[in-house]
Every structure is written in C-alpha cells, then in structure tokens.
Amino acid sequence: TCALPIWLVRSHVGEAAAAAVQRFVELIQGCDLVVVSGAGQINTVFRAASTPLLNTLQLAIDRGIPSVIFGQGIGPIDDSCLRTRALKVLPRVNLICLRETLTGPKLLQSLQVPQRNIVVTGDDAIETAYSRRPANFGSAIGVNLRISWYSQVPKELIESLRRPLQEAAREVGASLLTVPISRHPDEDDSGICDQLFAGYEAIAAPEHDTTYVEGIVDEIGRCRVVLTTSYH
C-alpha cells in the first residue's frame, strides 16, 4: 500500500482502512530511523509477511529516512514476485545485519546489496543465552515440537514420537520439560508437549516465566539435552 495514493486505497477497501493506512504513513513520516528487529521471515515461506515489511522499508527510504535490519535470517527467496520486491528495496537499506555466513551474504549479493551494507553479527539471542548459562548441567530432557504449516511436521508424528521419547527418558531417569516458544493457537508448543508427555510419570513444572526470553533460557538451563524442531 505504501506506493498507492490514499484515494485508491479508499476505493478498494473503504474509508476506515484508508484512514488506517494514512495514519501509518504519517507515523513513518515522523520517524528519524526505521528498524526491523530480528526475524527469519524474509523468505518464500513467509512471503505474505515479507511483502508488507519490504513495503514499510520502501515507504521510509522513499522519504529519505534511514533504515536498518538487525538479526536477520534471510532466504531462501525462490518466489519471483518476492525476489523482485527484495531486489528493489534491500539494496537501499542502510545496514543489514545477518545471523549467519553460509547463505545470507550470498543471497544479498545476488540482490545487489552493497557489501559495505552487510554485517554478520550472529544471532542476537546468543549473548542472552550465554550470559544466563548455568554453572552445572540440568537433568531434564527439554522438548519443543513445532507442528505448523511452515515446519512441515505432521500431527501424526506426535503418536509415533511419544513412546520412544518417554522410553528414552525413563531409561535415564529424566523428567520431561516443555520449552514453549510459540503460543499461537495454530501452533501452540505447550499443547503439543502436553500430548507428547501424556502418561509420563515425571513431567517437570516450569520454574520461570516462559513468556519472557530470559525465562525460556533459564528453563533450558534445567535440561541436559533439548529436542527441538524450532530454530529458536
């Protein structure tokens, strides 16, 4: 919507939506800097989210407002429309900080992003995790099974995984501990673990507030090993 005149937006989606777009444009115009925080969403799988993000960056750039992107996992981008959009916007971003060196830099170079605008900082979550590392290993087995449309992990895996997971935990005398990241109703990590742990005799109750990053890190510190399908 950033490149469309408000009257055109109004004609397609109505007065209320057009007014919301106008407020958003005015909000961006009042910024001295536009920052995109860490995420792994500029890719084909999340193109529905990538496009509005790139539109917002263009909105700022076209008005001479500096823009930076931190803590990114970028790609793959094999969708032609998204690639065209990224090619138009990303080379104009003042600074792009990446999580890794294997794929992101090559992709950005193919999108004609100047090398001087690319910095590999690593994942910004690592510092928090390292600073809160426990003095000794925990004894629990942490679990995060992400069942969602984008992870391509089917619900049927719950049934096939429950028995070997519980047998392995029972053999070493370990409790099972939920490591929840997403609480979205369509991919609730805690709910999946409830199904995986059903019938097991030693389920560790949370000792920290897992709605905060620090709480998640501290819960992981209670584990000896974590089994996860979520990159978080």
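I take contact to mean heavy atoms within 4.5 Å, and I take helices (H or I, at least four residues) and strands (E, at least two) as DSSP runs numbered from the N terminus. I note that this is a predicted model, in which local features need pLDDT of at least 70 and side-chain atom pairs count only at pLDDT 80 or more, while totals for chains, interfaces and linings use all residues. Residues are numbered from 1 along each chain as its sequence is written, and side-chain values use heavy atoms, with hydrogens and water left out.

**Entry 1, α2 and α3.** I looked up where these helices meet, and found Phe24, Val25 and Ile28 of α2 against Thr56, Leu59 and Ala60 of α3. I sorted the residues of this contact into 5 nonpolar, 1 polar and no charged (Ala, Val, Leu, Ile, Met, Phe, Trp, Tyr, Cys and Pro count as nonpolar, Asp, Glu, Lys and Arg as charged, and the others, Gly among them, as polar). The axes of α2 (residues 15-29) and α3 come within 9 Å and cross at roughly 55 degrees; such axes are lines fitted to C-alpha atoms, for helices over the stretch in contact, and angles run from 0 to 180 degrees between N-to-C directions. I therefore call α2 oblique to α3, given that under 35 degrees counts as roughly parallel, over 145 as roughly antiparallel, 65 to 115 as roughly perpendicular and the rest as oblique.

**Entry 2, β2 and β3.** I found 2 bridges joining β2 (residues 39-42) to β3 (residues 67-74), and these strands run parallel; two strands pair if DSSP finds at least two bridges between them. Ile42 stands opposite Ile74 in β3.

**Entry 3, the β7-β6-β8 sheet.** I traced an open sheet of 3 strands in the order β7-β6-β8, with parallel pairing. β7 (176-178) and β8 (223-228) are at the edges with a single partner strand each, so one side of each has no neighbour in the sheet. Neighbouring strands here are turned by 30 degrees against each other on average, direction ignored. I counted 3 bridges between β6 (residues 140-144) and β7, and Val143 has Thr178 in β7 as its bridge partner. Helix α8 (residues 189-197) packs on the sheet, where it touches β6 and β7, and its direction makes about 160 degrees with that of β7.

I then checked α7 (residues 156-172), whose axis comes within 8 Å of that of α8 and crosses it at roughly 60 degrees. The contact includes Ile158, Leu161 and Arg162 of α7 and Ile192 and Phe197 of α8, and its residues divide into 6 nonpolar, 2 polar and 1 charged.
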